[in-house]
Amino acid sequence: MGKMNVSNNALLALFAEMVWDDAIRKYKEQNLYKEIDLALAKGDQPTFLALTSELKMLQSSG
């Protein structure tokens, strides 16, 4: 019985970590979109390019 409880706890911890990682990734993605919009509004091409590159990396890893 104890072995099964440890396995369940490990699975729950793994699931919680996956949910947490996904929430952080979505938050970062939303923040990058806002910063990209701001860079576009300002006409700041270097910042726009840097942020879109960062967004592409984030999306490809998730």
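A salt bridge here is a side-chain nitrogen of Lys or Arg within 4 Å of a carboxyl oxygen of Asp or Glu. The model on screen is predicted, and a search of the whole structure finds three such bridges.

Start by selecting Arg-25 and Asp-22. They form a salt bridge, with the closest N and O atoms 3.0 Å apart. The two residues are three apart in helix α1, so about one helical turn separates them. Arg-25 is partly exposed, at 22% relative accessible area, and Asp-22 is partly exposed too, at 30%.

Lys-26 has a relative accessibility of 45% and counts as partly exposed.

Is Glu-29 buried or exposed? Glu-29 is buried, with a relative accessible area of 19%, because the cut-off for buried is under 20%. With the four residues shown together, Asp-22, Arg-25, Lys-26 and Glu-29 form a network linked by salt bridges.

Next select Leu-58. Setting aside residues up to four places away in sequence, Leu-58 touches Arg-25, Lys-28, Glu-29 and Leu-32.

Finish with the largest nonpolar core, whose six residues are Leu-32, Ile-36, Ala-39, Leu-51, Leu-55 and Leu-58. Helices α1 (2-42) and α2 (45-61) each supply at least two residues of this core.

Methods. Residues are numbered from 1 along each chain as its sequence is written. This is a predicted model: local features need pLDDT of at least 70, side-chain atom pairs count only at pLDDT 80 or more; totals for chains, interfaces and linings use all residues. Side-chain values use heavy atoms; hydrogens and water are left out. A nonpolar core is a set of buried Ala, Val, Leu, Ile, Met, Phe, Trp, Tyr and Cys residues joined through side-chain atoms within 4.5 Å. Buried means under 20% relative accessible area, exposed over 50%, partly exposed in between (1.4 Å probe, protein chains only). Helices (H or I, at least four residues) and strands (E, at least two) are DSSP runs, numbered from the N terminus. Contact means heavy atoms within 4.5 Å.
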